[in-house]
Amino acid sequence: MLGAMQDWNMVVSHLIDHAAREHGAREHVTRWADGTETRTDWAGIRRDALKMTQALRRLGIGKGDRIATLAMNHSRHLVSWYGAVGVGGVLHTVNPRLFDDQLDYIVNHAEDRVLLYDVAFQPIVDRMRSQWKTVEHYICYDPPAGSDVLGFEDWIGAEDGDTQWTQVAERDPCMLCYTSGTTGNPKGVLYEHRSTVLHAWTGLQPMAFDFDTQSVMLPVVPMFHAASWGLPWAGAMTGVKFVYSAVNEPKVLCDLMDREGVTHSAGVPTVWLAMFQHVDAEKRELPKLKQAVIGGSAAPRFMIERLMKAGIRVAHAWGMTETSPIGTVGAPTHDWDAKTFEQQVDMVQMQGRPTFGVELRTVSLDDMETELPRDGKSSGALQIRGPWIIKRYFKAEEDAARPDGWFDTGDVGIIHPDGTLQLTDRTKDVIKSGGEWISSVELENAAVGHPAVAEAAAVGMPHPRWDERPVLFVVRKAGADCCAQDIIDHLTPQVAKWWLPDAVEFVDDIPHTATGKISKKDLRARFADYRLEADA
Ligand code: ADP
């Protein structure tokens with residue numbers, strides 16, 4: 001016997017239809033790179049997205065075609081999200097910070113047919129155009145006055161918006177995001193309508209982005225990174241007012257937050273760091289946010305403390321492009337009020353708990369098979385499964401997840417008895433010394449607490465007796481001085497004795513990936529000839 005409820009195809013167009021119908025007048029504010037501002041609302045976003053579907057059809061673009069964007073955060077970019085998906089296409093958000101060989105690879109691999117871009121990225125388009133074999137149409141969001149480049153507003157302005165979304169099935173694809181490829185070529189993650197809607201629902205809830213009809217969100221996380229954490233989809237569900245800045249300057253962000261009554265924001269830790277520097281230099285207050293979501297890399301303790309002291313709830317989130325990206329989010333636990341401030345900060349420093357739909361487990365790093373207890377001690381390879389978690393990379397021959405759904409995240413973590421995830425490393429970076437594991441991340445976090453250290457990276461170097469031993473690479477702060485022994489003295493009370501690095505090497509810089517994370521791969525390559533002596 002079947003149940004007796006209605007069919008409801010779980011597709012993205014429901015999101016924008018709902019937002020326009022129920023929250024049509026809620027605003028979208030864009031501060032453009034040239035300092036000008038424009039305003040629209042959810043009804044306007046839908047109207048323009050429908051016009052874009054007409055314009056795309058006129059170009060012969062339809063179901064399954066890939067439509068790329070190379071753009072910062074603004075309302076025209078959002079229109080393109082809904083417009084590309086609305087024509088049955090696959091939105092491919094390209095990260096402009098990728099290196100040229102990666103840009104070459106992903107656009108060709110995705111077989112993008114249309115590319116919409118900000119004029120700020122015109123140099124990239126000019127440089128890459130001859131290599132991007134499949135792109136037939138280039139459309140610029142903000143062409144300079146008098147230029148002969150096709151502008152987005154003119155392109156969609158020729159349409160009347162009197163049309164319907166292309167009918168699709170809920171398991172059809174809607175979006176493609178590539179990982180930045182810390183190993184090998186970038187890999188494409190192909191989201192589908194159903195996974196996107198389910199993920200948007202999870203993002204909405206109080207323990208995640210905490211959206212309601214009063215929320216005003218300034219997403220600092222770029223729309224080209226990891227589906228912008230799903231914010232453009234989730235925000236449609238409660239008609240969130242969006243405030244976008246096409247530039248990531250802390251002054252602009254703080255001004256917008258103050259003026260537009262921003263209650264929620266989301267970004268990687270470096271965003272908040274830049275914000276602190278700005279408010280300190282200008283002797284102004286941090287914006288009066290209700291909640292800041294921090295993810296993408298570990299939020300440092302001092303950052304959490306400072307935001308919490310300013311009355312801002314910090315939701316520390318973990319996820320990856322492969323997980324749409326929400327995996328875990330930190331929210332106050334049932335016994336939160338009974339905790340001291342220090343205990344609360346300890347809690348927020350961990351990566352939070354899975355939202356409904358996500359399952360997590362850790363397995364032994366030795367055999368990648370034996371499931372470890374959730375005891376707050378055992379550290380292992382982190383695996384995840386659920387309806388918005390990757391099954392197979394775009395165009396891959398084999399599944400990335402196991403037949404029972406578990407996907408190896410490449411992260412190493414500890415699961416606490418209450419389900420809280422504590423991330424300790426990446427499987428490629430954890431250091432194996434004499435058969436035991438040392439967390440490179442914990443060494444780095446401890447090292448950056450030294451007042452003279454700007455940045456630190458711990459790498460396992462081959463060792464004749466112990467297999468690997470940690471070496472710490474340190475960039476000193478400008479004008480600061482410290483020696484290797486100072487660093488060791490600083491680390492000694494914080495980590496086990498056998499974790500202490502065998503050497504501390506001072507370097508001028510540490511290589512980063514296109515998304516700003518430390519690139520251990522490049523660091524290892526730079527020090528490929530490095531040798532540690534056998535100890536006594
Ligand atoms: P990219 O490599 O393109 O930046 P992702 O955004 O998908 O790709 O990166 C996901 C990875 O970022 C995770 O596997 C994890 O290693 C790291 N990460 C994400 N959130 C956190 C967090 N809160 N704390 C520590 N590491 C994190």
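The legends below describe several close-up views of a predicted model.

Residues are numbered from 1 along each chain as its sequence is written. Because the model is predicted, local features need pLDDT of at least 70 and side-chain atom pairs count only at pLDDT 80 or more, while totals for chains, interfaces and linings use all residues; side-chain values use heavy atoms, with hydrogens and water left out.

**View 1. An open sheet of six strands with mixed pairing.**
The strands follow the order E6-E5-E3-E4-E7-E8, where strands (E, at least two residues) and helices (H or I, at least four residues) are DSSP runs numbered from the N terminus, and two strands pair if DSSP finds at least two bridges between them. Strand E6 (137–140) and strand E8 (188–192) are the edge strands, each pairing on one side only. On average, neighbouring strands of this sheet are turned by 20 degrees against each other, direction ignored. Within the sheet, strand E3 (residues 66–70) and strand E4 (residues 90–93) run parallel and are joined by four bridges, and arginine 66 stands opposite valine 90 in E4.

**View 2. Helix H7 across strands E7 and E8.**
Helix H7 (residues 193–204) lies across strand E7 (173–178) and E8, and runs at about 80 degrees to E8. Such angles run from 0 to 180 degrees between N-to-C directions, with axes taken as lines fitted to C-alpha atoms, for helices over the stretch in contact, and contact means heavy atoms within 4.5 Å.

**View 3. Aspartate 101 in helix H4.**
Helix H4 spans residues 100–110 and holds aspartate 101, which counts as exposed because its relative accessibility is 56%; buried means under 20% relative accessible area, exposed over 50%, and partly exposed in between (1.4 Å probe, protein chains only). Alanine 281 is 180 residues from aspartate 101 along the chain, and the C-alpha atoms of these two residues are separated by 39 Å.

One nitrogen atom of the ligand is 3.2 Å from a polar backbone atom of alanine 298, a nitrogen atom of the ligand is 3.0 Å from an N or O atom in the side chain of glutamine 351, and an oxygen atom of the ligand lies 2.6 Å from a polar side-chain atom of aspartate 411. On its own the ligand has 580 Å² of accessible area, and the protein covers 92% of this.

**View 4. A cis peptide bond between serine 324 and proline 325.**
Omega of this cis bond is about 15 degrees. Proline 325 is found in the loop between E13 and strand E14 (326–329).

**View 5. Positive phi values at methionine 368 and aspartate 467.**
Methionine 368 has its place in the loop between strand E16 (359–363) and strand E17 (379–385), and its phi is near 55 degrees, a positive value in a residue other than glycine. At 26% relative accessibility, methionine 368 counts as partly exposed. Aspartate 467 is placed in strand E23 (residues 467–476), with phi near 80 degrees, again a positive value in a residue other than glycine. With a relative accessible area of 49%, aspartate 467 is partly exposed.

Conventions: Polar contact = N/O pair within 3.5 Å; in protein donor to acceptor, adjacent residues only side chain to side chain. Areas by Shrake-Rupley, 256 points an atom, 1.4 Å probe, with all protein chains shown as cover.
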